[in-house]
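Subject: Structure for your review

Dear colleague,

Please find below the structure that I would like to hand over to you. My notes on what was found in it follow directly after it.

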Amino acid sequence: MTKHVTLTQFIIEQQRELPGVSGAFTSLLNDVVTACKKISHLVNQGNLIGVLGSADSENVQGEVQKKLDIITNDIMVDALNWTGHLAGMASEEIDDIILIPPQYPKGKYLALFDPLDGSSNIDVNLAVGTIFSILRCREGVDPALEDFLQKGAEQVCAGFVLYGPSTMMVLTTGQGVNGFTLDQDIGEFILTHPNMTIPNDTSEFAINMSNQRFWEPPVKRYIDECLQGKDGLREKDFNMRWVASMVAEVYRILTRGGVFMYPYDLRDPSRAGKLRIMYEANPMAFIIEQAGGACSTGRERILDIKPKALHQRVPVILGSKNEVERIVGYHQEG
Ligand code: AHM
Ligand code: MG
């Protein structure tokens, strides 16, 4: 019989190699896994249990919340707030930082998450995901906002769970990227995609083309070239995909390469993109870089940005290194 490595076993063995490891991180990750298994079950049940559709509320970004946005946020918070590993949390769905209730012990990590990314896909039965990022914190204190505003390069761990035809967790602790598939029968994530790497070159791009007239010239130039393919300046023809679910998009890039972009939108006076640095751009940038890809705003490396606000947005260009570098080059040329 093939010996399957579970996510817990994999992390325990990986952490054992590191000096001064207490086991707190492994336990924290188990809490995240527990929450994601519950979310996977809910997403899978869908309208059988009446969780689809909109709630009567908006989140801090003024976006209409889906029922599942709220339910999955509560699942994450309830799984993580009592076990003593966290000093605090932040969620895409909640305005302020989330403190640990006073009756529970506090730990040395912060967890930031988007409990259900791509939730506009949920009612049409397409892929959605959970994205998370773990940071270190001063131990035993209630954290302040400033404690959360760390550069992405400081992340201890980042991961996402893709609720697709299979439920998959993709994870990095800064030692490469590994993918695990949820075995629904035994309720365990099993290592199925060790050492995921992104090819340097690609001929596939992902962008919401309906925003084309609002892009800056460097992005227009790049996409125009892709569309022209061999009839233009490129040596190859390009293919396009847009799932409108960043988790699915990044997973595709981790398996067969590609470029994903959510660039500046000129309609927005602050010229930010759509995606949020703390819950989407940073964790995905950590994973992509660990898999050998690149991630930039077009002007700077995502992981080097010092965030100024919890819900700050950034333009995101990520994926196969040579293509991302080409796009960054176009930004430099102006
Ligand atoms: P969300 O956090 O509100 O779900 O928004 C993020 C999602 C990403 O997963 C996806 O890449 C993007 O929004 C899709 O945007 P659009 O609706 O413009 O296609
Ligand atoms: Mg999101």
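Which strand and which helix each supply at least two residues of the shell around ligand 1? They are strand 5 and helix 6 (246-256). Please keep in mind that this is a predicted model.

The surroundings of ligand 1

The shell around ligand 1 consists of 14 residues, and the closest are Asp117, Gly118, Asn208, Ala244 and Met246. Sorted by class, this shell holds six charged, five polar and three nonpolar residues. Two domains take part: domain 1 (7-193) and domain 2 (204-333) each give at least three residues to the shell.

A record also bears on this region. In an unreviewed entry, UniProt places the feature "binding site" at Asp117, Gly118, Ser119, Ser120, Asn208 and Lys274. The same feature name, again from an unreviewed entry, is placed by UniProt at Asp114, Asp117 and Glu280.

Asp117 lies in strand 5 (residues 109-117). Is Asp117 buried or exposed? A residue counts as buried if 20 or more other C-beta atoms lie within 10 Å of its own. Asp117 has 28 other C-beta atoms within 10 Å, and it is therefore buried. Leaving out residues up to four places away in sequence, Asp117 touches Val128, Gly129, Thr130, Ile131, Ser245, Met246, Val247 and Glu280.

Gly118 belongs to the loop between strand 5 and strand 6. Gly118 counts as buried because it has 21 C-beta neighbours inside 10 Å. Beyond its neighbours within four places in sequence, Gly118 is in contact with several residues, among them Ala127, Val128, Ala244 and Ala248.

Glu280 sits in helix 7 (residues 277-290). With 25 C-beta neighbours inside 10 Å, Glu280 is buried. Not counting residues up to four places away in sequence, Glu280 touches Asp114, Asp117, Ile131, Met246 and Leu275. Helix 7 as a whole is mostly covered, since 14 of its 14 residues are buried. Just after helix 7, Gly292 takes a positive phi of about 95°.

Why is strand 5 described as largely enclosed by the rest of the structure? The reason is that nine of its nine residues are buried. Strands of a sheet pair through backbone hydrogen bonds, and the pairing is either parallel or antiparallel.

Strand 3 (residues 86-91) and strand 5 run parallel and are joined by five bridges. Ser91 stands opposite Phe113 in strand 5. Strand 5 and strand 6 (residues 128-136), in contrast, pair in the antiparallel sense over seven bridges. In strand 6, Arg136 is the bridge partner of Tyr109.

Elsewhere in my notes is an open sheet formed by five strands in the order 12-11-13-17-15, with mixed pairing. Strand 12 (239-240) and strand 15 (294-296) stand at its edges; each has a single partner strand, so one side of each is left without a neighbour in the sheet. Which strand pairs with strand 15 in the antiparallel sense over three bridges? The partner is strand 17 (residues 316-319). Cys295 stands opposite Leu318 in strand 17.

A residue in helix 2

Finally, Leu29 is found in helix 2 (residues 24-45). Leu29 counts as buried because it has 24 C-beta neighbours inside 10 Å. Its C-alpha atom is separated by 21 Å from that of Leu149, which lies 120 residues away along the chain.

With kind regards

Key. Residues numbered from 1 in each chain as written. Chains lettered and ligands numbered in written order. Predicted model: local features only at pLDDT ≥ 70, side-chain atom pairs only at ≥ 80, totals over all residues. Helix = DSSP H or I, 4+ residues; strand = E, 2+ residues; numbered from the N terminus. Buried ≥ 20, exposed ≤ 12 C-beta atoms within 10 Å, placed from the backbone. Pairing = 2+ DSSP bridges. UniProt positions renumbered as here; feature names shortened; annotations may be inferred. Contact = placed C-beta atoms within 7 Å. Near = placed C-beta within 6 Å. Nonpolar A, V, L, I, M, F, W, Y, C, P; charged D, E, K, R; others polar. Domains from an automatic or database assignment.
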